[in-house]
Amino acid sequence: MEYGRRSTMQPHGDPYGNARSNLPVPSTVKKSTHGHGRMSLAGPAMRAPYPIPPGTNPRQSLMRSQNVNPLLQSASKPQNYGRTPMRSGNRRGSMWQGGSQGSAPPSSQTYTKDTRPLRDKSFQAKMRQDVATFLISTGFEVAPQMLQNITGKDFRAVFQHLILYFDPLWPFKPEQRFEESFMQALKAMKYPYLGQIDIKWLPTPAAMHSWPALLGMLHWLVELGRAREHYMDSGHPTLQDPALIPEEFDDIHHHLTLAFDHNSRAYEVFLQGQDVFPEEEKMLEERYARKDARVFTDLEQLRERLKEIHAEWEQLKKSAPPFEELKKDNGSLRRDKLKFEEILRRFEERKQKWTRLVQDEKTELEYNLANLEKMRAEEQRLSDIVKVQNLSPEEVLRMNTEHESLTREVESLKHKIAETSQVVVRLEVSLTRKVSDAEEALDQYTSLLSTLGLFPPLPPPLEDVDLTIDLHSAAANPQGLLSGADIRKVVKPTLSRITEMKRTAHADVESERIRVDDELDQLNLECETIEEEVLEVMNKTNALSDQADELREAAQQEALVSNAEASRLERDLAAARTAAMANGVGVKSRLQALQIAYREQVEKVNRLKEDTVRAVIKNSSDIVAFKDEVSKQLQYLREFAEAN
């Protein structure tokens, strides 16, 4: 590592980075009017997490930004970062001005008293353990007993290792006394208890009166190193590491990080002899473009949504008010409600009718069961009577013969009853089917009435007609099967009349449609005619404009020719005057002729100018009159279209 290489960066006296740097800048940068040197390309640093009092370090490394935070005095930059290239093998002189700068503290400066228990044995053991652990973790080999009885050489090695850990480019010179570099480094590290350390202790640092303070100083540097490690690993925005910046950010430190990275790259290019940085600017623009990509996407989506909302708003303004639509829907729903209530009433009546039929059937069944019981009781009674009677054989034979004949008659009657029952069953099934078909037909009829809007009340002049029909399948009288208006006398004629009315309305609508189509065709024809006239007038206007342009160009050319002729005549006149003055009075006649020719040319130029102005005014008037006429025609066409 080249520790003897001096940096070109001056130390800052302001912990917030408001001091000016002496970095060389391009010639295009505006120079300052005072004696503090040029402003740095990186600009003043905005971050200062540790506002420690300014030190006396006469040198700062280019490896860090414009920041006096000692935790950031070492960064992961290349070894030769920030060095000015040489055109020859000779080394360029350093701009570092040594330790004679004005950043040294005044002689009257007071130091803070160290309140740590440095002479406590347990506290010293803890400090030694912390220092040894940190040195081992940073790659410095430490013997187990070195810190208990340390030598001047070991103390110098430990101290220089800790300082170089913070700044690898710190200028420890072999020819410089350790006492000078020791105090200079502590002042640069802003050690708060510097006044309690005596440089006479350095040859024998392990002495009882000097080792506690020196060990406390080493422990303070170790704690500072740990704080630096924690800070460097924290990922804080003030680290100015571009790799830690998220894709989308809004922190001012992230902006400053990108600005510092851009300025650093641009400064490297500047040190190579270039004054423009297109690649670095392109990288910065691409990084901000990635940052704003999602914002622009959201903005485009919001703009599309705004367009949709505007279109919807325009459509709502052009459409009819929703209140009218709601009124129409309310009216249709009320009519549907009345029709539905009518249908419910009819189904309720049908339900009650079937309930009565079921009840009548149950009553008839109970009555038949009672008659059956009576007939069985009568049969038992007659059997008992026959058993107790005392009859002769002839009477028995006669009764048997009568019984057989009656039995045959009963069998024949039973057979006839069975046939009659089968016929009745077939008739009942047929009747049920017919009644079901009739009910389905009535349901279809009712549905058609509901669909066509023919439920009462009907539109005038049929408001007194009721087209609804009900079926009573349990009616004893065939005339009472259907209730409602008479089908032949009322329903059919009414339906025929409604059909004729609908046909007439349809024919009227069709006639109106044909008339409107004819009017639209006429309007389209008139529009085409007017468009042709407008096109013809536009062609005429263009021709007039071309003529005006030609006249203007001709006038300009003539004016140029006249001006050239006038200039030539003026030159001739001047030459003639010169010749007259040289040759005497003999050239007066030629001078007068030239003056007359000059006046004629001037009059000709003025006349051409007036003609050109009149032609332009005339063409402008014709164009204005044509525009007025076209506007009147278009306004008339618009009023005619709106009126029809």
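Helices, as named here, are DSSP runs of H or I with at least four residues, numbered from the N terminus. The model is predicted: local features need pLDDT of at least 70 and side-chain atom pairs count only at pLDDT 80 or more, while totals for chains, interfaces and linings use all residues. Residues are numbered from 1 along each chain as its sequence is written, and side-chain values use heavy atoms, with hydrogens and water left out.

**Stop 1: within helix α5**

Select Y267 and F270, which both lie in helix α5, three residues apart, about one turn of the helix. Both residues are buried (under 20% relative accessible area, with a 1.4 Å probe and protein chains only).

**Stop 2: α5 against α6**

To display the contact (heavy atoms within 4.5 Å), show H255, L258, H262, R265, A266 and V269 of α5 with E280, E281, M283, L284, R287, Y288 and K291 of α6.

**Stop 3: α2 against α4**

Next, select helix α2 (residues 152–166) and helix α4 (residues 211–233), whose axes lie 10 Å apart at an angle of about 25°. This angle makes α2 roughly parallel to α4 (under 35 degrees). On the α2 side, the contact includes F155, V158, F159 and L162; on the α4 side, W211, L214, M217 and L218 are among the contributing residues.

**Stop 4: from α2 to α3**

Rings of Phe, Tyr and Trp (its six-membered ring) pair if their centres lie within 6.5 Å, and planes under 30 degrees apart count as stacked, over 60 as edge-to-face and the rest as tilted. The pair links distant parts of the chain, with F155 in helix α2 and F182 in helix α3 (residues 178–188), 27 residues apart. F155 is buried, with a relative accessible area of 0%, and F182 is likewise buried at 0% relative accessibility.

The structure holds 13 aromatic pairs.

Methods: Axes are lines fitted to C-alpha atoms, for helices over the stretch in contact, and angles run from 0 to 180 degrees between N-to-C directions. Helices (H or I, at least four residues) and strands (E, at least two) are DSSP runs, numbered from the N terminus. Angles under 35 degrees count as roughly parallel, over 145 as roughly antiparallel, 65 to 115 as roughly perpendicular and the rest as oblique. Buried means under 20% relative accessible area, exposed over 50%, partly exposed in between (1.4 Å probe, protein chains only).
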